[in-house]
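Please read it alongside the sequence and coordinates.

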Amino acid sequence: MADLNKLAEEIVGLTLLEAQELKTILKDKYGIEPAAGAAVMMADPSMGGDAPQEEEEQTEFSVVLVAAGQQKVAAIKAVREITGLKLREAKVLADAGNKALKEGISMAEAEEIKAKMEAVGAEVEIK
């Protein structure tokens, strides 16, 4: 019986050209189509492979004020308008930097806030 570990190491070490040649030999000589069989086996959890994981689409976003910029007074006014904070709290938020202005909002609202803050020279990120 063949040493399966050695065989596996040899298969893993094949170049793309060698792998293509192996595929052709298996198909022509033995009637085996390895690409289709491997894809089915990998996608079917009952065959030992893991099912592909669907990535969850992000639906809630946060707008983070990175820096208030050169027009600090205008940035503070915009922060107050967006958050509803009082002047002192808005100033603290603008001075601190890297603080969330709003969390759990839609992408459209996040982009609107970002545009408003960038218009006054502030640097913001959507996360």
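K114 counts as partly exposed, at 27% relative accessibility; buried means under 20% relative accessible area, exposed over 50%, and partly exposed in between, with a 1.4 Å probe and protein chains only. K114 forms a salt bridge with E118, and the closest N and O atoms are 4.0 Å apart. A salt bridge here is a side-chain nitrogen of Lys or Arg within 4 Å of a carboxyl oxygen of Asp or Glu. The model is predicted: local features need pLDDT of at least 70 and side-chain atom pairs count only at pLDDT 80 or more, while totals for chains, interfaces and linings use all residues. Residues are numbered from 1 along each chain as its sequence is written, and side-chain values use heavy atoms, leaving out hydrogens and water.

**Salt bridges**

- E118 and K114 are four residues apart in helix α6, so about one helical turn separates them; helices (H or I, at least four residues) and strands (E, at least two) are DSSP runs numbered from the N terminus.
- E118 is partly exposed, with a relative accessible area of 42%.
- A search of the whole structure finds six salt bridges.
- One of them joins E81 and K116, at 2.8 Å from N to O. E81 lies in helix α4 and K116 in helix α6 (residues 107-119), so this pair ties together parts that are 35 residues apart in sequence.
- E81 is exposed, with a relative accessible area of 56%, whereas K116 is partly exposed at 34% relative accessibility.
- K72 forms a salt bridge with D95, the closest N and O atoms being 2.3 Å apart. This pair links distant parts of the chain, with K72 in helix α4 (residues 72-83) and D95 in helix α5 (residues 87-96), 23 residues apart.
- Both partners are partly exposed: K72 has 34% relative accessibility and D95 has a relative accessible area of 38%.
- A network of salt bridges links K72, K91 and D95.

**Helix α4**

- Helix α4 has twelve residues and reaches 16 Å from its first C-alpha to its last, close to the 16 Å expected at 1.5 Å a residue; the expected span is 1.5 Å times one less than the number of residues.
- The residues A75, I76, A78, V79 and I82 of α4 are buried. They cover an arc of only 165 degrees around the axis, which puts them on the same side of α4; the arc is that of the directions from the helix axis to the C-beta atoms.
- The exposed residues V73, K77 and E81 sit on the face of α4 turned away from its buried side.
- The cover over the buried residues of α4 includes β1 (61-67), α5, β2 (99-105) and α6, where contact means heavy atoms within 4.5 Å.
- Just after α4, G84 takes a positive phi of about 80 degrees.

**Strands around β1**

- Strand β1 is mostly covered, with six of its seven residues buried.
- β1 and β2 pair in the antiparallel sense over four bridges; two strands pair if DSSP finds at least two bridges between them.
- Within that pairing, the bridge partner of F61 is I105 in β2.
- β1 is also joined by four bridges to strand β3 (residues 123-126), and these two run antiparallel.
- In β3, I126 is the bridge partner of V63.
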